[in-house]
Amino acid sequence: MTKASGRKAHSNGADFEKYLEDVVFKAALDSGYFKRIDKLNPTYVAVRNRAGVTFHATEQSGVDWIAMGGEDCPWSYIAMEAKHSETRTLAQSRIKPHQIAHLDTTTERGLRVSRQVGVLLVSFNHNRGRSVFALRWTNVLFKKRGSGYSLAMEDCDIRDEITPYRTLNQVMYGWSQRA
């Protein structure tokens, strides 16, 4: 990946996160489906070097956001990781091991307690624009393709797509109906 394409991908990822915060999460908070939602950011420390001062993370965030479910939400703890893909597929390698561990732990505890859920929010670019999916976390989301594992937009259930007419609340409510 070139520096320019890396900057563009980072910018599109930041745009996706802003969309989630301003539209998707705002609707969930306004409706009471979520009591609160917090963005997890690593702590940074300034380090002097020849280039001047750079900032390095002192620790890694488990996931991007943690939400507390409201009265109508069947989950009290929701761990959410967001990823944007410039194509119709998302490589599993784009999800860092500590993020997978957090989502796996949430899911495992959720199976025992049933009050926790891990969510992968994915934005795919395609020739018609962008599609956003909220997927209940499981490692079987990713299928073997070529030399690695990936999630293709075509693998996503249409009922998991967030649209102007289908909110995150409705998508997540559908999971409890399918279980």
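User: How many bridges join strand S5 to S7?

Analyst: This is a predicted model, in which local features need pLDDT of at least 70 and side-chain atom pairs count only at pLDDT 80 or more, while totals for chains, interfaces and linings use all residues. Residues are numbered from 1 along each chain as its sequence is written, and side-chain values use heavy atoms, with hydrogens and water left out. Strands are DSSP runs (E, at least two residues) numbered from the N terminus, and two of them pair if DSSP finds at least two bridges between them. Strand S5 (residues 77-85) runs parallel to S7, and the number of bridges joining them is 9.

User: Which residue in S7 stands opposite histidine 84?

Analyst: The parallel pairing of S5 and S7 places histidine 84 opposite a residue of S7, namely serine 123.

User: In which sense do S7 and S8 pair, and how many residues lie between them?

Analyst: S7 and S8 are joined by 8 bridges in the antiparallel sense. Leucine 120 stands opposite leucine 135 in S8. The two strands form a hairpin, and the number of residues between them is 2.

User: How many residues of S7 are buried?

Analyst: Buried means under 20% relative accessible area, exposed over 50%, and partly exposed in between (1.4 Å probe, protein chains only). Strand S7 (residues 116-126) is mostly covered, and its buried residues number 10 of 11.

User: Which strands are at the edges of the open sheet?

Analyst: The sheet has 6 strands with mixed pairing, in the order S1-S4-S5-S7-S8-S11. An edge strand here pairs on one side only, which applies to S1 (34-39) and S11 (161-162). S11 pairs with S8 (residues 129-136) in the antiparallel sense over 2 bridges, and phenylalanine 133 has as its bridge partner in S11 glutamate 161. The edge strands are therefore S1 and S11.

User: How many disulfides does a search of the whole structure find?

Analyst: A disulfide is taken as a pair of cysteine sulfur atoms within 2.5 Å. Cysteine 73 counts as buried because its relative accessibility is 3%, and cysteine 156 is buried at 12%. The search of the whole structure returns a disulfide count of 0.

User: Which element has the lowest mean pLDDT?

Analyst: pLDDT is the predictor's confidence in each residue, from 0 to 100. The chain averages 84, and 79% of the residues score at least 70. Where pLDDT is low, the predicted coordinates should not be read in detail. The highest mean among the elements, 97, belongs to S11, and the lowest, 60, to strand S3 (residues 52-57).

Terms used:
Helix = DSSP H or I, 4+ residues; strand = E, 2+ residues; numbered from the N terminus.
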